[in-house]
Amino acid sequence: MSQGTLYDKVWDRHAVTELPTGQTQLFVGLHLIHEVTSPQAFGMLRERDLEVAYPERTHATVDHIVPTADQSRPYKEDAAEEMMRELEENVRDAGIEFDDPTSGDQGIVHVIGPEQGLTQPGMTIVCGDSHTSTHGAFGALAFGIGTSQIRDVLATGTLAFEKQKVRKIEVTGELGDGVEAKDVILEIIRRLGTDGGVGYVYEYAGDAIESLGMEGRMSICNMSIEGGARAGYVNPDETTYEWLAETDEFADDPDRFEELKLYWESIRSDDDAEYDDVVTIDGSELEPVVTWGTTPGQGVGITDPIPAPEALPADKEDSARAAQEHMRVEPGDTMQGYPIDVAFVGSCTNARLPDLRRAASIVEGREIHDDVRGLVVPGSQRVQRAAENEGLDQVFEDAGFEWRNAGCSMCLGMNEDTLEGDEACASSSNRNFVGRQGSKDGRTVLMNPRMVAAAAIEGKVTDVRELEAREVVTNE
Amino acid sequence: MSDGPAEIVTDVTGTAVPIRGNDIDTDQIIPARFMKVVTFDGLGEFAFFDLRFDDEDNPKDHPFNEDRYQGASIMAVNANFGCGSSREHAPQALMRWGIDALIGESFAEIFAGNCLALGIPTVTADEDTVETIQDWIDANPDGDIHVDVADETVTYGDTTVDVEVDDAQRKALVDGVWDTTALMQANAETVKETARTLPYIQDHEVPGDV
């Protein structure tokens, strides 16, 4: 068993008692809720005549179903309007703070928590959403839960949970030009498998991780779940503290910041911490990674050939064959040149300000391909305002992208933004499952936001490093 | 549902249905568009919807559509079943279709946790064992399978094989404490004590500490 890791320390600080099942009752420091997975939990609470135990440690937003084009109420889709009303009623009754679209603070739950400073090191954070692992970027223990567990957390402020093993993933060296956090996590999932992390929490470490800003760390922790790990984290450091100092929570309260910083420092993994497993990856060897299949583990370097199914481990062979048929790709080819119909920059993985800046830097002075529908969806209203203040909306619109309002959008088929028919999408999101983007024949190619921008311009999957090397062409 | 202790689940017996394939994700088990609801009622008919029906809603080849598997209460699956989103809608849809227990090579963690919260065991065995069970179900769609959570065995025909049940899951199901709300609520005072020791929790945030 691991010892002296951040995971062990945060676990111990939040352990209430051992339950008769042998599970630990764990105190939940921050409970984030949204409209899709919480209404049934509130319903269960009403059935049992229970109240929300820690409303001030609970925070709500709306993201999955919210339209990103016309947000006027009532929403065009009846089901979306009903879910929104249900959430409004539930948070009002329970006295839970709710960042609705009129607040100016609404956004994807994994974007708003960190940007408001709700997400802090050494906290336990849960949400009925598997990408809650994102918050681990701050050195929090954060994971997704199901609706019955949401009921438990609402009713008791705690969760019945079993301790997991800790795998340290050390990414050494310096990332090459054009290689981003997204490529690192896609490579980790490719190597360790989509189920490699089951039973583990991932601690991301090493120079390549520590040199990333908070957004990059969030992109990595975000996709821990795609690697089977329910939670992933990075030890807090000066980069983390600099981010936190500027948030709503601490900007006007330097004393509290200094006080909590002592706690944050104390929960960092010890230098001599013991891990259940250690994996080392040379970050300097990586190149931009794109997926060729229908699981996030089916990825390949942009200049590398798509593997033959029979060259993969036996248990991956059948799904690889089915995936290649669905995606219409051939082993031996690279993904370069794969035609796309839609380009999506957004999602809790890659829709923060630096993500949009990097995509914009590729787009600026260029135009997206005639056959491509381009969509840029900021992760939150704050990201949207900040981007507009810098004129990024104009850069994207001039290039032919649609500039939308904040939400989950085309990451999943739960709102108006979906793929149609067998459209192929270059996407900065996290899942390429069949049907994920709202059309069961749709094809998703996951990649980093600059690669999405490059694909949009060329109308096909493109090595952004090559595009950048060429001269910027302005309107001729 | 009551506040009392949950039902004891020591074993599940019934006919079974094989669902083959690794990495079957929750978007396949219940496509997101069917989640635009505020209750879980009626999700059963949408289980595996896009694998079961084409664009015109005509049935496709899928075990859930086959007459011989109607009424099955046990599902035999392969590796990493239920990966992807945390949606409890996935096990809810399977449960409402009629599934009371799953046998698989491995399960995604959140999915298995969601199953436990519904009192549905997720027992595991190696690839050969699971494939043999799936083949047996194919040949014996009317045959009962007995999933014994307490003994950690699965019996089909004359054969009994050992399976694994996670310790906490086994205890929770066999002792009937898988519905944890009441159990944890009883510790409310200890919870408050824990909360007060955390530097980031402010006094007014702990109930009764105003």
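1. D49(A) counts as exposed because 7 C-beta neighbours lie inside 10 Å. By the criterion used here, a residue is buried if 20 or more other C-beta atoms lie within 10 Å of its own, exposed if 12 or fewer, and partly exposed in between, with C-beta atoms placed from the backbone. D49(A) sits in the loop between α2 (39–47) and β4 of chain A, and although it is not a glycine, it has a positive phi of about 55°. Helices (H or I, at least four residues) and strands (E, at least two) are DSSP runs, numbered from the N terminus.

2. This is a predicted model, in which local features need pLDDT of at least 70 and side-chain atom pairs count only at pLDDT 80 or more, while totals for chains, interfaces and linings use all residues. Residues are numbered from 1 along each chain as its sequence is written, and chains are lettered from A and ligands numbered from 1 in the order in which they are written.

3. Two further backbone features deserve attention. Most residues other than glycine have a negative phi, and most peptide bonds are trans. In chain B, D57(B) is a residue other than glycine with a positive phi near 65°; it is placed in the loop between α2 (49–52) and β3 (74–76) of chain B. D57(B) is exposed, with 8 other C-beta atoms within 10 Å. In chain A, the peptide bond from R73(A) to P74(A) is cis, with omega near -10°, and P74(A) belongs to the loop between β4 (58–61) and α3 (78–94) of chain A.

4. Chain A contains 16 helices and 19 strands. Its radius of gyration, 22 Å, is close to the 23 Å that the globule rule gives for 476 residues, so chain A is as compact as a globular protein of that length. That radius is taken over C-alpha atoms, and the rule is 2.2 Å times the number of residues to the power 0.38. Along the principal axes, the C-alpha atoms of chain A fill a box of roughly 65 × 55 × 45 Å. Of the 476 residues, 63% count as buried.

5. The domain assignment, which is automatic or from a database, gives chain A a domain 1 (6–266) and a domain 2 (289–469). Their centres, taken over C-alpha atoms, are separated by 24 Å. The contact between them takes 37 residues from domain 1 of chain A and 36 residues from domain 2 of chain A; two residues are in contact if their C-beta atoms, placed from the backbone, lie within 7 Å. On the side of domain 1 of chain A that touches domain 2 of chain A, α4 (109–116), α6 (181–192) and α8 (214–222) of chain A each give two or more residues, and α6(A) gives the most, with six residues.

6. An open sheet of chain A has five strands in the order β17-β16-β15-β18-β19, with parallel pairing. β17 (402–403) and β19 (443–446) of chain A stand at the edges with a single partner strand each, so one side of each is left without a neighbour in the sheet. Strand β18 (residues 424–427) of chain A pairs with β19(A) over four bridges in the parallel sense; strands pair if DSSP finds at least two bridges between them. L446(A) in β19(A) is the bridge partner of S427(A).

7. At the interface of the chains, 55 residues of chain B are in contact with 69 residues of chain A. Elements giving two or more residues to the side of chain B that touches chain A include α1 and α8 (188–197) of chain B.

8. In α8(B), the buried residues are V191(B), T194(B) and A195(B). These fall within an arc of 100° seen down the axis, so they line one face of the helix; the arc is that of the directions from the helix axis to the C-beta atoms. E189(B) and T197(B), on the other side of α8(B), are exposed. The buried residues of α8(B) pack against elements of chain A, among them α1 and α5 (147–156).

9. D27(B) lies in helix α1 (residues 26–29) of chain B. Is D27(B) buried or exposed? D27(B) counts as buried because it has 23 C-beta neighbours inside 10 Å. Leaving aside neighbours within four places in sequence, its contacts include F433(A), G435(A) and R436(A), as well as A32(B).
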